[in-house]
Amino acid sequence: MSTRSFAWTALAVLPPSLSLASAALSYPDLVRRLIDLDLLTKPPPPGERCAQWSSWDRASRYDPATDRYLEWNANADGTGVLRREGDDLVLAEMTGPGCIWRVWSAMPGPGHVRLVLDGKLVLDMPFTNWFTGRHAPFDFPQLAYTAARGHNLYVPIPYQRSCKIVAATNWGRYYHFTYSTFPPGTDLPTFSAAPDASWRRALEECNQLLGDALRHDPPLPAGTTLAATQVVVAAGTRLTALHIAGPRKIVELRAHAEATGPDDETAALRQLVLRIRWDGDPTPAVECPLGDFFGSAPGRHPFRTWVTAMTPQWMIARWPMPFDSSAEIEIANDGPSPRTVRLHAAHRPDPAAAQHLRFHAAWHRGLSPPRADRRPDWPFLVTEGRGRFCGLMLHVWNPIGGPYEPAKPGHWWWGEGDEKFFVDGELFPSTFGTGTEDYFGYAWGCAERFERPFHAQTVTEHNEGHQSLLRWHIADNVPFQTRFEGCLEKYFPDDRPTLYAATVFWYLAPGGRHSIRLPPVEQRHGYAVRPPAATGGHVLGAPPPRGTVRTQRMTQFAGGHWAGDDQLWWTGGQPGDRIVILVGAPRPGRYRLAVTLTKANDYAIVRFDLDGTPCSTPVDLYHPVVVRTAPFDLGEHLWGSAPRRLGVTIVGANPAAKPAYMFGLDEVLLTPVPDER
């Protein structure tokens, strides 16, 4: 049997030992749960739960005597532990039957971390070695690895009665241990540092499957039927693209929206809306902008995970979607132009669909905030009923950004906030994290794109523009019986602006409720506008330039003092491209116009114009190191009450420069010219 066929032969029809009602699970059964999407559709039995121990700041607490949340924004999250025992630190302690699915750290150290399972020491190893993918028993590079400075481990660690994790004082900083507790009576094996052949074989096959999924599409399961369509959706209309009779289950959904270019595609993927209704329910269970549903925004960006992918041809989602009588897939076009959309839905029989949970996905830019003493909690999902929380895609717009600088109290990093999951009416969250980037499996605000089977950073503009992040909870899905509330801490307000858009994925029994409603199109597309402060006090004029214009923090460069410690930074332009900056005068009159600029070894030669009339000779911005210039004089000009258009055109590059054609503007200076009459 090939490893690729293992994915679907093992998962498409689960053997009886893998059902949620099982009294016994083998180690290979647990390994399969890392990749078994079908288990997400099963209603959670009483007693099943998922929680997390982490190093969150223990100053944050709930006081039941006063019903108050105290120091809820405490942020010293790197060293919190349960307790000390002599020279050791207890990081986590759980009662079984249970299984650790995910271990994460931002800074694992050389100190040993010990696993005591069912009363016996089974592992004693430097914490750094847990995450290399080279040290047994964790020597599987798709299950133990570093992603953008975040150290991750996805090797299942089961125990029957108890688990205790003890560390030496030099273990490092920041940790998560995410684990499930199974219903009483479940029989689990106890993890071993020397697993037998069947354990190794299951991990090797899983490791291979996950690696394959990052390179190409897994095959569809046997017995799959393909429903395909191409529709043209007129502006301001909606139509049913596919209608499938049940009982069946969609196992893969693909979409492609035609567009004339990247900017048009970005607009289309927010203006087009995907709605899916199950079994005749008039309320859609899925209501998302088309692009965000597949895991990245804004626009389309190539990536692959175990659950979703974007390729040059398709956007792909493999969430299983069971339905009993019918599935109705609708496409709405809230944009000004007609759109052509192709859809493929692969589906297969599911005789037990009536007993399964229904797939849900919803998009929003903010829900009602919780009570005041829980600030800065930003809810991304509040739902009632019985179900499983399975994933989050977060799109961040943070134009006034910069590198992560923890030593500076006023640093511009947006993602300090911890994740908090309140399950079934908990007053204190059973999952309490250590930072937004930690939740997504990376660390230290690292602006590196990465894609891994269960998490990814698909878009990053160095923390000072667009960021897009996702995390899928498969084995570590969060079951709930009555209610789930998931929050991220959001420290910066919307009017900074630091803007979040969340796409949430969960399964819910029929009759469950939530209050998320899709915002109108003007709140979905076009809101990512840089404020005047982010462009040196001036606003960009139309048409938008090729490439990217954003604010760059300049405090790391020694070549001068930039006004406001930042500059307008234009990247991605080519010779002949032009940017326009609207420059308004305080009052009508004659002014001398000047600009201060940045020079560097990858900057362009540019020419300035005012309302289309040249006002400079070519200005060579090459310099071996990054420096701020003295003011460049652009002459005397008259200003009325309306702004004038200062144009900057790339005309080439110095032969010694790297051909990146960058441009940096520090200030536009207007000096009144005295009237000589």
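How many aromatic pairs does the structure hold? The structure, a predicted model, holds 44 aromatic pairs. The chain contains six helices and 50 strands. Its radius of gyration is 27 Å, close to the 26 Å that the globule rule gives for 677 residues, so the chain is as compact as a globular protein of that length.

**Overall dimensions and packing**

- The C-alpha trace of the chain spans about 95 × 65 × 55 Å along its principal axes.
- Of the 677 residues in the chain, 59% are buried.
- Among contacts between residues at least 6 apart in sequence, 77% join residues at least 24 apart.

**Aromatic rings and charges**

- One aromatic cluster is formed by Tyr27, Phe127, Trp130, Phe131, Phe138, Trp171, Tyr175, Phe177, Phe191 and Trp199.
- Trp199 belongs to this cluster and is also one of the buried residues of helix 3.
- Arg342 places its charged end over the ring of Trp314, at 5.0 Å from the ring centre.
- Lys490 has its charged end over the ring of Tyr500, at 5.2 Å from the ring centre.

**Helix 3**

- Helix 3 covers residues 197-213, and its 17 residues should span 24 Å at 1.5 Å a residue; the end C-alpha atoms are 24 Å apart, which agrees with that expectation.
- The buried residues of helix 3 include Ala202, Leu203, Glu205, Cys206 and Asn207.
- Towards the end of the list of buried residues in helix 3 stand Leu209, Leu210, Gly211, Asp212 and Ala213.

**Strand 44 and its partners**

- Strand 44 (residues 605-610) is largely enclosed by the rest of the structure, because five of its six residues are buried.
- Strand 44 runs antiparallel to strand 49 (residues 644-652), and six bridges join the two; within this pairing, Leu610 has Leu646 as its bridge partner.
- Strand 46 (residues 619-620) pairs with strand 44 in the antiparallel sense over two bridges, and Val619 of strand 46 is the bridge partner of Val606.
- Strand 45 (residues 613-614) is antiparallel to strand 44 and is joined to it by two bridges, with Thr613 of strand 45 opposite Leu610.
- The hairpin of strand 44 and strand 45 has two residues between the strands, and Asp611 in this hairpin takes a positive phi near 55°.

**Pairings of strand 13**

- Strand 13 (residues 162-167) runs antiparallel to strand 5 (residues 88-95), to which it is joined by six bridges; Ser162 in strand 13 is the bridge partner of Thr95.
- Strand 13 also pairs with strand 8 (residues 112-117), in the antiparallel sense and over five bridges; here Cys163 of strand 13 stands opposite Leu117.

- Five strands form an open sheet in the order 31-30-36-28-38, with antiparallel pairing.
- The edge strands of this sheet, each pairing on one side only, are strand 31 (431-432) and strand 38 (513-514).
- Strand 30 (residues 419-423) is paired antiparallel with strand 31 over two bridges, and Phe432 in strand 31 stands opposite Lys420.
- Ser430 lies in the loop between strand 30 and strand 31; its relative accessible area of 13% makes it buried.
- Neighbours within four places in sequence aside, the contacts of Ser430 are Arg49, Cys50, Ala51, Gln52, Phe421 and Val423.
- Asp424 also lies in the loop between strand 30 and strand 31; it is partly exposed, at 33% relative accessibility.

**Backbone exceptions**

- Most residues other than glycine have a negative phi, and most peptide bonds are trans.
- Asp424 has a positive phi of about 55° although it is not a glycine.
- Asp279, likewise not a glycine, has a positive phi of about 55°; it is located in the loop between strand 19 (272-278) and strand 20 (286-289) and is partly exposed, with a relative accessible area of 27%.
- The peptide bond from Gly96 to Pro97 is cis, with omega near 5°, and Pro97 belongs to the loop between strand 5 and strand 6 (98-105).
- A cis peptide bond also leads from Gly246 to Pro247, with omega near 5°; Pro247 is in the loop between strand 17 (237-245) and strand 18 (248-257).

Notes
Residues numbered from 1 in each chain as written. Predicted model: local features only at pLDDT ≥ 70, side-chain atom pairs only at ≥ 80, totals over all residues. Heavy atoms only, no water. Buried < 20%, exposed > 50% of the residue type's maximum accessible area, 1.4 Å probe, protein only. Helix = DSSP H or I, 4+ residues; strand = E, 2+ residues; numbered from the N terminus. Pairing = 2+ DSSP bridges. Expected span 1.5 Å × (residues − 1). Phe/Tyr/Trp six-rings, centres within 6.5 Å; stacked < 30°, edge-to-face > 60°. Lys NZ or Arg CZ within 6 Å of the ring centre and 35° of its normal. Rg over C-alpha atoms; globule rule 2.2 N^0.38 Å. Contact = heavy atoms within 4.5 Å.
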